[in-house]
Amino acid sequence: MIYLDNAATTLQKPPVVGEAMLEALQTAGNPGRGAHEPTLHAARLVYDARAALAELFGAESPACIAFASNATQALNTAIGGLIGPADHVITTVCEHNSVLRPLYRLREQGTQLSFVGVDDRAVLRYEQFEELLRPNTKAVVVTGASNVTGNATDLAFVAHFAKKHGLLLIVDAAQTAGACPIPVKKLGIDVLCFTGHKGMLGPQGTGGLYVRPGLRAAPLVVGGSGVHSFDERHPAEMPTALEAGTLNVPGIAGLGAGVRWILKQGVETLQAKEIALARLFYEAVREIPGVVVYGSFAEPRAPIVSLNLAGEDSARVADALWEEFGICVRAGAHCAPLMHKALGTVEQGMVRFSFSHQNTEAEALAAAQALRALALEE
């Protein structure tokens, strides 16, 4: 089997991830709910994961990191907790439904939305940010990189725009957290939402958000916190402010182990290998007759190559890659409908090949050869 569906979830995790999860499952109590050793051990595991994430993102302190079950929950927390009915939001056609649907729900309550478009290479039209600005613009919500094309967002540009106009910057880092450097303090990002099961090599069911010190977002969920039990309102101090109920301690332990492993290897080192693999595959397939590749490969990007084979339905191509060659890819709309509308692939979808540092050059070339074989069958 050749696994090239890492943009959906990484499959090959470092052994330390599973080991940390099993150890926590067998030894960790409920953090913040007692003073005995099992609960203190759990609290230390959670804190260590916060500290690792703060180091990864260049955050001010571990207290800036709140845990969630995935990037979707984190984005719902950030968008719903910071934006109101009287506000205007600038976002882009590159966004995943984890951004779009929370914004659409707010639009039903009166929030105004504007969308930055893309050119024929799916690169954002950055000049439109200024054009879309309104007196009541409150926030900019952007993805770190498109999960469809792999094109990266110029976060330095967007952060400068947001700071210039006093806007909040919320970043969906589902495709970029752990896969490339994201210095939140240096860039001026207000909220960074991440998932654990992709570039950070953690288990599914983990994720969270970085929140700039001094910024308060209304919590998505309130309830037990282990502190201030007689208060009618949920605690306002981070990170408890955005965490209610018992945390997924085994999952968080695994996530922390994955992040520590990445920090030891070096984010830039892993990124360079992944981009090199994606580039190798791209160069091997772009001249195959009938293959159409989407996105710009002259720009910074995530290790994703999305394409179509002539007029063939993307799902049929993905099925053939698995059934005939044992290659795992993702086909369809990838939960990003506006990008497909922009590129004219609503009906056909796309076949997405996404690479991890765990992949090899031989696997990338084998995938290209399999696609060439399918093209010859057409």
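Across the interface of domain 1 and domain 2, one salt bridge is found. Arg121 pairs with Glu299, and their closest N and O atoms are 3.5 Å apart. The model is predicted.

**The two domains**

Domain 1 is built from two segments, 2–11 and 266–375. Domain 2 covers residues 15–265. Their C-alpha centres are separated by 26 Å. The contact draws 34 residues from domain 1 and 36 residues from domain 2.

The size of an interface is often given as the accessible area lost when the parts come together. Here about 2700 Å² is buried between domain 1 and domain 2. Carbon and sulfur atoms supply 59% of that area. On the side of domain 1, Val267, Leu338 and Met339 lose the most area to domain 2. Together these three residues make up 22% of what that side buries.

Polar contacts also cross the boundary. Between domain 1 and domain 2 there are 20 residue pairs in polar contact, with both residues at pLDDT 80 or more. Four elements of domain 1 each give two or more residues to the side that touches domain 2: helix 9 (267–285), strand 10 (304–309), helix 11 (337–343) and strand 13 (350–354). By class, this side of domain 1 has 17 nonpolar, twelve polar and five charged residues.

**Salt bridges**

Side chains of opposite charge can pair when their charged atoms come close. The count of salt bridges comes to 14. Two of them are listed here.

| Salt bridge | N to O distance |
|---|---|
| Arg121 – Glu299 | 3.5 Å |
| Arg260 – Asp48 | 3.2 Å |

The pair of Arg260 and Asp48 links distant parts of the chain. Arg260 belongs to helix 8 (residues 249–265), while Asp48 sits in helix 2. The two residues are 212 residues apart.

Helix 2 spans residues 37–57, a run of 21 residues. From its first C-alpha to its last, helix 2 reaches 30 Å. That is close to the 30 Å expected at 1.5 Å a residue.

Pro250 and Pro31 are 219 residues apart in sequence, yet their C-alpha atoms are 11 Å apart in space.

**Backbone details in the loops**

Two loops carry backbone features to inspect. One is the loop between strand 8 (207–211) and helix 8, where Pro239 is found. The peptide bond from Met238 to Pro239 is cis, with omega near 0°.

The other is the loop between strand 7 (191–195) and strand 8, which holds Leu201. Leu201 has a phi near 65°, a positive value in a residue other than glycine.

How values were computed. Residues are numbered from 1 along each chain as its sequence is written. This is a predicted model: local features need pLDDT of at least 70, side-chain atom pairs count only at pLDDT 80 or more; totals for chains, interfaces and linings use all residues. Side-chain values use heavy atoms; hydrogens and water are left out. Domain bounds come from an automatic or database domain assignment. Contact means heavy atoms within 4.5 Å. Buried area is the accessible area (1.4 Å probe) that two parts lose on being put together, summed over both. A salt bridge is a side-chain nitrogen of Lys or Arg within 4 Å of a carboxyl oxygen of Asp or Glu. A polar contact is a pair of N or O atoms within 3.5 Å; within protein, one must be able to donate a hydrogen and the other to accept it, and residues adjacent in sequence count only if both atoms are side-chain atoms. Ala, Val, Leu, Ile, Met, Phe, Trp, Tyr, Cys and Pro count as nonpolar, Asp, Glu, Lys and Arg as charged, and the others, Gly among them, as polar. The expected span of a helix is 1.5 Å times one less than its number of residues.
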